[in-house]
Amino acid sequence: MQTKTIKSGALLSASTITASMMLFAAPVQAEDWRGWNIHPPGYPNTVALEAFAEAIEEDTEGRVTARVYNNAVLGDQPDAIEQTRSGALNFANFNMGPMGPIVKETNVLSLPFIFDDVDHMHRVMDGEIGERFADALAEQNLIALSWFDSGARSLYNTEKPIKTPADVEGLKIRVMNNDLYVDMIESLGGNATPMAYGEVYQSLTTGVLDGAENNYPSFESSNHYEVVGYYSLTEHLIIPECLCIAKSSWEALSEEDQEIIEAAAIEASEMQRQLWVESSEESKQKVLDAGVEINEVEDKAEFQELMQPVYDDFIAENPELESLIEDIRSAS
Ligand code: BDP
């Protein structure tokens, strides 16, 4: 018995040695990366992610190949965040909204009206404060290489134009997965329903929901505009998004490839931001042509004032994040 074990053990190690010698002789195996994307083909983020995938394959000379999976086919956003944190997925474009429950610093970006406008958001995210968010993400195994735009989110619904907070009263509004948004809608007198993006269309058609909130490109590409007649420019949220790499995938790269991939991510974000501006205009026109009524909100201050309890509760629960809020405000 004893001899047999030793024999097969010896045999095993002999074949292992042969296999590893063969590995050394063969060309280095390429890394095949899988990327998560919630949007359909043609959406600015999709176009930029696909360009990113192509660039890294070309610039690493095939050492890293990458494929983008669109339309959230690899899972909804909270699930994809977990998959990327664990390294089951290699890269993704994530909105900072559903990131809040995992990286609590990013909740600051989900506070309504935290940014005055998209330029203010760019100044913050492209500067030192953006690095603080990237550090917080890295602690949760997500390497944020660049920031994408997501415009401003506004309320839309099947019932009526929203001109004052009183118009939100009683409406069933879908929000992304983050308790802050539940507080936000409830502070306006509405009923908030956290729900996966992909389920919203049907819930709007069946009346489970009266409305939701999003930017023009998503309002259009999700086809919600087909069933919703009113889009009201509350512009209550301006939330940046990341191009994030799984930490384990990042650490497996040589320094040279890290530099290549970081440069490609920055180029992808430049492309995305440019496409974003064009796409927002096109989407706005498309929903107008389809008969959606778009209204300005004359007195946004009314909405902003009602957000005070959301801020107060947030600061009471996260006193250590108050200075981050102040730093963002003073960069306005
Ligand atoms: C879009 C974001 C996407 C979100 C979606 C949503 O780009 O990441 O998942 O809104 O509302 O604008 O869920």
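Guide: The C-alpha centres of domain 1 and domain 2 lie 26 Å apart. This is a predicted model, in which local features need pLDDT of at least 70 and side-chain atom pairs count only at pLDDT 80 or more, while totals for chains, interfaces and linings use all residues. Residues are numbered from 1 along each chain as its sequence is written. The domain assignment gives domain 1 as 28–149 + 242–272 and domain 2 as 153–237 + 291–321 (bounds from an automatic or database assignment). Their contact takes 21 residues from domain 1 and 20 residues from domain 2 (C-beta atoms, placed from the backbone, within 7 Å). On the domain 1 side, 12 of the touching residues are nonpolar, 6 polar and 3 charged (Ala, Val, Leu, Ile, Met, Phe, Trp, Tyr, Cys and Pro count as nonpolar, Asp, Glu, Lys and Arg as charged, the others, Gly among them, as polar).

Both domains give residues to the shell around the ligand, so the ligand lies between them. That shell consists of Ile38, Gln77, Asn95, Ser150, Met176, Tyr197, Asn214, Asn215, Ser218 and Glu241 (C-beta atom, placed from the backbone, within 6 Å). By class, 3 are nonpolar, 6 polar and 1 charged.

Now the sheet. Its 5 strands form an open sheet in the order β2-β1-β3-β10-β4, with mixed pairing (strands are DSSP runs of E, at least two residues, and helices of H or I, at least four, numbered from the N terminus; a pair needs at least two DSSP bridges). β2 (64–69) and β4 (142–148) are at the edges with a single partner strand each, so one side of each has no neighbour in the sheet. From one strand to the next, the twist averages 25 degrees (axes are lines fitted to C-alpha atoms, for helices over the stretch in contact; angles between N-to-C directions run from 0 to 180 degrees). β4 and β10 (residues 241–246) run antiparallel, joined by 6 bridges, and leucine 142 stands opposite alanine 246 in β10.

Two helices pack here. α2 (residues 44–59) lies across β1 (31–36), β2, β3 (91–95), β4 and β10, at about 165 degrees to β2. α3 (residues 77–86) touches β1, β3, β4 and β10, and its direction makes about 140 degrees with that of β3.
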